[in-house]
Amino acid sequence: MSALHGNIAHTAKDEQCIECDSTDVEWASLNLGVFLCEKCSGRHRALGTHVSQVRSLWLDSKAWTPDVIQVMGCKGNQLAKQYYEAKVPTFVVKPPEDQGPMVMEKWLILKYQRKLFVDHDSNHIYNTSKNDQSKEEKTNVTSVQTSSSKMQKKKKKKL
Ligand SMILES: [Zn+2]
């Protein structure tokens with residue numbers, strides 16, 4: 001284990017699992033930048049690597065490149081929670097631990113895959129792709145406008 005890798009593992013000791021608040025943090029999701037306990041790492045793995053890339057803090061030393069360590073080092077569960085749970089509606093309740101895997105999986109999909117509770121307008125550190133997203137939205141709007149003006153032209157021709 002490299003010294004830097006050890007630093008991350010050390011940082012994680014002060015973390016609580018982002019999903020269940022367990023203090024037994026042994027895993028991390030590299031792409032989401034969150035620390036996880038053993039049980040919740042299994043839940044994240046079940047979502048697929050396109051949603052969450054789960055690695056052991058101690059075992060997967062190849063995954064812990066300097067870049068990854070730097071990114072993970074400036075994130076952490078408190079920041080991640082602020083981001084992924086920024087706008088949880090009052091009628092959505094985070095499922096309690098005893099609700100079973102299906103309910104928990106649905107919650108995780110809404111939270112990480114669909115990013116339903118993220119405030120995309122905030123200047124949160126996680127909102128790095130904000131500019132790309134707004135570009136996409138603009139192109140979508142333009143294409144909608146073009147197609148609607150085409151429709152209007154067609155209508156005019158008919159008249
Ligand atoms: Zn957990």
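A residue is called buried here if 20 or more other C-beta atoms lie within 10 Å of its own, exposed if 12 or fewer, and partly exposed in between, with the C-beta atoms placed from the backbone. K115 is a handy case: it has 13 other C-beta atoms within 10 Å, so it is partly exposed. Keep in mind that this is a predicted model, where local features need pLDDT of at least 70, side-chain atom pairs count only at pLDDT 80 or more, and totals for chains, interfaces and linings use all residues. Residues are numbered from 1 along each chain as its sequence is written.

Let's start with the overall layout. The protein chain has six helices and three strands; helices (H or I, at least four residues) and strands (E, at least two) are DSSP runs, numbered from the N terminus. Read from the N terminus on, the order of elements is α-β-β-α-β-α-α-α-α. Of the 159 residues of the protein chain, 19% count as buried. Two residues are in contact if their C-beta atoms, placed from the backbone, lie within 7 Å. Take the contacts between residues at least 6 apart in sequence: 59% of them join residues at least 24 apart.

Now for the sheet. Strands of a sheet pair through backbone hydrogen bonds, either parallel or antiparallel. In this model the three strands make an open sheet in the order β2-β1-β3, with antiparallel pairing; two strands pair if DSSP finds at least two bridges between them. β2 (34-37) and β3 (54-56) are at the edges and each has a single partner strand, so one side of each lacks a neighbour in the sheet. On average, neighbouring strands of this sheet are turned by 40° against each other, direction ignored.

Four of the five residues of β1 are buried, so the strand is mostly covered. Antiparallel pairing joins β1 and β2 over four bridges, and the two strands form a hairpin with four residues between them. In that turn, G33 has a positive phi of about 70°. You can follow S29 both ways: S29 stands opposite V34 in β2, and its bridge partner in β3 is V54. W27, for its part, stands opposite S56 in β3.

What lies across this sheet? Helix α2 (residues 38-46) lies across β1, β2 and β3, and runs at about 115° to β2. These angles run from 0 to 180 degrees between N-to-C directions, and the axes are lines fitted to C-alpha atoms, for helices over the stretch in contact.

Helix α2 also meets α5. Two packed helices are described by the angle between their axes and the distance between the axes. The axes of α2 and α5 come within 10 Å and cross at roughly 65°. That makes α2 roughly perpendicular to α5, going by a scale in which angles under 35 degrees are roughly parallel, over 145 roughly antiparallel, 65 to 115 roughly perpendicular and the rest oblique. At the residue level, R43, H44 and A46 in α2 meet P101, M104, E105 and L108 in α5.

Next comes helix α4 (residues 77-84), whose buried residues are N77, A80, Y83 and Y84. Those residues cover an arc of only 120° around the axis, which puts them on the same side of α4; the arc is that of the directions from the helix axis to the C-beta atoms. An α-helix has 3.6 residues a turn, so residues three or four places apart point the same way. What covers the buried residues of α4 includes β2 and α5 (101-113). Q82 is also found in helix α4, but Q82 is partly exposed, with 14 other C-beta atoms within 10 Å. The C-alpha atoms of Q82 and Y126 are separated by 9.6 Å, though the two residues are 44 apart along the chain.

Finally, a look at two loops. D21 sits in the loop between α1 (3-13) and β1, and its phi is near 65°, a positive value in a residue other than glycine. D21 counts as exposed, with 11 C-beta neighbours inside 10 Å. That brings us back to K115, which is found in the loop between α5 and α6 (130-158). Phi of K115 is near 50°, again a positive value in a residue other than glycine.
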